[in-house]
Amino acid sequence: MERLDPRARSDMYGRRINRAPSPLRARSVPYLTIMLGSLLPVLLIADLMPLSPSFGFLMLLAWRMVRPGLLPLWAGAPLGAFDDLFSGQPFGSAILLWSLAMIAIEVIETRFPWRGFWQDWFTGGVIAIVYWLAALLVSGASVTPEMLAVALPQALLSVLLYPIMTRMVAGLDRFRLVRARKLD
Amino acid sequence: MAPTSSRRSGFSKKAQYSLFTGYLLAATCALLGLALLVLSLRQPSAFEPVRGLATDVVAPAGKIGAVTRSGSQGILAGIAGYLNAGSQNAELRREVEIARIRLAEAEAVKAENRRLKGLLGLSEAATKPIAVARLVGSSATSGRRQAYISAGASDGVKPGMPVLSERGVIGRVLETGRSSARVLLLTDSESVLPVRRASDNVIAFAEGRGDGLLRIRLVNLGVNPLKVGDTMVTSGAGGYYRPGVAVALIAKITPDGGIARLVAEPGATNYVAVEPIAQAAAVEELDEAERPAPARSASPSRKPEPPSAPAPAPSTAED
């Protein structure tokens with residue numbers, strides 16, 4: 001059988017016989033990638049204006065949209081606390097806003113159970129823009145018109161990045177569920 | 001795509017309860033976040049230890065980033081220099097001629113300066129930096145403009161100390177970890193710095209606008225004496241910065257002052273020096289005097305508030 005078709009006994013997650021996904025990997029990958037998303041923008045030197053959207057939040061949004069039910073409803077709080085340590089926002093802002101975003105998505109999902117790509121993008125985009133504005137308002141700085149103007153690309157970028165982030169999360173999800181453990 | 005059916009509770013009491021608990025937990029977490037947010041807006045230093053620890057962990061990675069950043073800057077500059085080497089050569093030769101003349105003039109001025117200072121009895125005490133560090137990161141996603149440097153409490157860095165590059169002022173230390181510190185950049189919209197014009201004693205405040213430019217507000221209103229291209233330097237009022245460090249160049253004139261560009265852009269800086277607070281004794285006294293005042297909580301993140309506290313001092317001096 002294998003000689004005729006080498007992929008006969010495997011699917012996109014690898015060989016099927018005698019293999020199982022690693023539970024550690026299956027549980028940790030979403031959290032680790034969201035935390036990595038919070039960490040990466042710290043390494044940029046943004047001296048004049050905010051340079052990148054909050055990748056941590058975009059990752060959370062993408063995981064929540066692509067894999068509903070994987071992250072528990074309260075997952076926004078611990079992940080937000082981690083983001084707050086590095087983002088420069090006052091501590092607590094991401095705990096509040098990420099939790100609210102998770103609740104909002106849950107409510108929207110119960111209200112509109114049948115969803116498609118475009119509707120998901122719309123939901124994700126609206127939530128990303130509301131998050132961007134709310135994060136500016138609670139940042140502790142007095143919001144000037146100039147500040148809003150230079151932060152505008154951030155909002156645009158976070159909306160445009162949504163499809164790319166969801167593709168990336170889909171790839172990560174495949175990596176998450178690869179049958180890496182050998183059963184004896 | 002509909003959400004997975006297992007998530008609908010149906011008639012199962014267990015599923016209903018777990019759904020309800022999820023909502024309850026999430027709402028409680030949101031409320032907790034709100035409480036923490038209010039607390040940290042009122043008392044920005046409350047979470048300093050945790051954040052310091054966190055930035056300590058990230059600082060080594062940031063150091064690698066800083067090395068590659070400065071390296072790539074060098075490569076780009078090298079390529080650009082190679083491309084227009086010929087025309088640059090002639091230009092540079094002419095500039096060197098002029099610079100030699102200016103240097104001679106500067107030597108003369110320096111000598112005169114020394115003579116006059118000797119007459120006045122001032123001692124020339126050069127400030128030694130407490131630590132020299134790399135800029136390892138910044139708050140790139142936030143509306144606040146803060147940066148992280150790779151020196152902290154173990155190097156003697158304390159909150160309030162000025163951070164300078166070889167070109168001019170970068171900002172002021174806000175919080176310290178063990179081996180890293182958080183710096184409030186001049187461009188942050190909560191940053192205020194007392195400055196004066198380099199050529200004379202026109203006193204003003206340089207406030208960050210949040211978009212990379214500084215707003216220069218004159219203390220004495222009347223005819224605006226500023227001109228485009230004027231250099232603003234620290235005035236030393238408030239006691240945090242030593243006087244005479246370059247801050248900004250005026251780019252545009254407004255009725256009450258001007259809009260200025262930074263002299264020292266943190267993004268183009270590799271190393272920064274953390275200097276001791278210029279008038280440490282005076283600053284401490286000021287802090288002691290202000291501590292009992294309840295007005296502290298009104299202005300959240302201007303924690304040590306060096307410039308606005310002694311604001312009346314320069315204006316009365318001018319009158």
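## Starting with contacts

Two residues are in contact if their C-beta atoms, placed from the backbone, lie within 7 Å. Leaving aside residues up to four places away in sequence, Ile149(B) touches Ala133(B), Arg134(B), Leu135(B), Val136(B), Val163(B), Ser180(B), Ala181(B), Val183(B) and Val272(B).

Ile149(B) also belongs to the largest nonpolar core, which has 102 residues. Together with Trp98(A), Val183(B), Ala204(B) and Ala206(B), Ile149(B) touches the most other members of that core.

What you see is a predicted model, and its scores are ipTM 0.83 and pTM 0.79. For chain B the mean pLDDT is 80, with 84% of the residues at 70 or more. Please take care with residues 293–319 of chain B, where the pLDDT is below 50. Beyond near neighbours in sequence, that stretch has 40 contacts in the model.

## Chain B at a glance

Chain B contains five helices and twelve strands. Of its 319 residues, 37% are buried. Consider the contacts in chain B between residues at least 6 apart in sequence: 62% of them join residues at least 24 apart.

One pairing to look at joins β7 (residues 203–208) and β8 (residues 214–218) of chain B, which run antiparallel and share five bridges. Within this pair, Gly208(B) has Leu214(B) of β8(B) as its bridge partner.

Strand β12 of chain B covers residues 271–274. Which of its residues form the covered face, and which the uncovered one? Val272(B) and Val274(B) are on the covered face, while Tyr271(B) and Ala273(B) are on the uncovered one.

β12(B) pairs with β1(B) in the antiparallel sense over four bridges, and Ala133(B) stands opposite Val272(B) there. Both Ala133(B) and Val272(B) are among the residues that Ile149(B) touches. β12(B) is also joined to strand β3 (residues 162–164) of chain B, by two bridges and again antiparallel. Here Leu164(B) has Ala273(B) as its bridge partner.

## Where the chains meet

Between the two chains, 55 residues of chain B are in contact with 54 residues of chain A. On the side of chain B that touches chain A, α1 (13–42), α2 (48–83), β1 (131–138) and β2 (146–149) each supply at least two residues. Which element gives the most to this side? That is α1(B), with 15 residues. The residues on this side of chain B divide into 27 nonpolar, 19 polar and nine charged.

## A look at chain A

Finally, find Leu133(A), which lies in helix α5 (residues 117–137) of chain A. Why does Leu133(A) count as partly exposed? A residue is buried if 20 or more other C-beta atoms lie within 10 Å of its own, and exposed if 12 or fewer do. Leu133(A) has 14 other C-beta atoms within 10 Å, so it is partly exposed.

Leu133(A) and Ala155(A) are 22 residues apart in sequence. In space, their C-alpha atoms are 8.3 Å apart.

Note on methods:
Residues numbered from 1 in each chain as written. Chains lettered and ligands numbered in written order. Predicted model: local features only at pLDDT ≥ 70, side-chain atom pairs only at ≥ 80, totals over all residues. Nonpolar A, V, L, I, M, F, W, Y, C, P; charged D, E, K, R; others polar. Core = buried A, V, L, I, M, F, W, Y, C linked by C-beta atoms within 7 Å. Pairing = 2+ DSSP bridges. pLDDT = per-residue confidence, 0-100.
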